[in-house]
Amino acid sequence: DSPRYNELPDKSFLGTADFEKTCPGHFLIGSCENGHRFAKEIYCFQEWCPRCGAKWSEAHQRKFSRWLPKVQQMRQLGYLVIEWPLASRFRLRSKAALEDSGRMIKRVLSGEWEIERRRQRGERVSRQRKEDIRAWWFPEGLRRWHFFGDLVKELGEGMKSLAWVDKASESSPGGQGDRYNPHVNVLVSYGFITRGKFRRIKRALRAALQEPDLIVHYGYTREPARMIHALKYVTRATFLDGMWAPDVAASIYNFHNAQVWGKWDGELAWSLDELEGEPELKDLPDPLAVESLESGICPRCGKPLDWTGPYPIKVLEGMEKQDLGAGYCELEQVRAPPGMDLVMMLKAAGYFGPVIIEGELCGN
Ligand SMILES: [Zn+2]
Ligand SMILES: [Zn+2]
């Protein structure tokens, strides 16, 4: 896995003025044994950072890119949205409560919860039976919290391209704008769902989370372009201002918002090439390179990358580079402003290529 430097703690969690000055403050240089070199900008990933929280920001593109290879293994994509009634949302105002509920949802949807319940009731669950139970549920899935959002609007407008099983009107009121409305988004490899199955899923979630009025929505699609849209939607930031819920903002600092379960070693069900010209792909310059860089692999030759740094972001401005999107670029030559200290810094950063200072080529 790639180094998670971007999840280094950042001390300021509410001061937006600080974010503007510091994000991204640093970058890393990654190089493979064949001399391919890349720069990775370090982002704070806080949802209320003006830079990271913006729609289709570098942070958003990275979250999208990490999940994309998994979504590409889905022939159909099922999308569950799990929402709490207004009267219960106060219970979800701490990191611990959000983590517990998130983990419980994963346990239910993966089938683990049913297996455990049966055992608790004294039932003997054979290995085969366990596999059958897991297969009935969702053996693979991805889940992520949104903290704000009007679900009636989201499902009716933002996500209307999916086929929804229930009318969003049964969504709980008071989700508008800046009102705290934590809900879990889950992506699974599944399509049309029968009423009976959906009812059973809702029942299990309500029992496991001890919330009899829990609201569950389900939608699905078979079209890759719509899957991409859903993935963008789920990975976006919703906590756009720390002051909307300062107690929650302080509590979820360094919160691991996303969870993935199951085996994801299947074949790709569709490729990005099939989607050429699709407007959903327009703004991600090189999705395959970003995917590869996110997992620490050189996108040019497949060798592992060694990362050095962090270096101040100013140094990157002077480098000749090609933008790959999501805050990554490929480095070629370096054009440095006058001053050998910069050359020394680059060498310390692992760069031994040619450096041009005011037009003259310096060897190493
Ligand atoms: Zn940021
Ligand atoms: Zn390489």
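User: At roughly what angle do the axes of helix α3 and helix α4 cross, and are they parallel or perpendicular?
Analyst: In this predicted model, the axes of α3 (residues 95-110) and α4 (residues 112-120) come within 4 Å and cross at roughly 80 degrees. Angles of 65 to 115 degrees count as roughly perpendicular. The two helices are therefore roughly perpendicular to each other.

User: Which residues of α4 make the contact with α3?
Analyst: By class, this contact has three nonpolar, one polar and three charged residues. On the α3 side are Met-104, Arg-107, Val-108 and Ser-110. On the α4 side are Glu-112, Trp-113 and Glu-116.

User: How many residues of strand β2 are buried?
Analyst: In a regular strand the side chains alternate between the two faces of the sheet. In β2 (residues 37-42), Arg-37, Ala-39 and Glu-41 are buried on one side, and Phe-38, Lys-40 and Ile-42 on the other. The number of buried residues is six of six.

User: Which residue of β2 is the bridge partner of Gly-30?
Analyst: β1 (residues 26-31) pairs with β2 in the antiparallel sense over six bridges. The two strands form a hairpin with five residues between them, and Gly-35 in the turn has a positive phi of about 85 degrees. The partner of Gly-30 in β2 is Phe-38.

User: Which are the edge strands of the open sheet of six strands?
Analyst: The order is β5-β7-β3-β6-β4-β8, with antiparallel pairing. An edge strand pairs on one side only, which is the case for β5 (163-164) and β8 (258-261).

Technical notes:
Residues numbered from 1 in each chain as written. Chains lettered and ligands numbered in written order. Predicted model: local features only at pLDDT ≥ 70, side-chain atom pairs only at ≥ 80, totals over all residues. Heavy atoms only, no water. Axes fitted to C-alpha atoms, helices over the stretch in contact; angles between N-to-C directions. Parallel < 35°, antiparallel > 145°, perpendicular 65-115°, else oblique. Contact = heavy atoms within 4.5 Å. Nonpolar A, V, L, I, M, F, W, Y, C, P; charged D, E, K, R; others polar. Buried < 20%, exposed > 50% of the residue type's maximum accessible area, 1.4 Å probe, protein only. Pairing = 2+ DSSP bridges.
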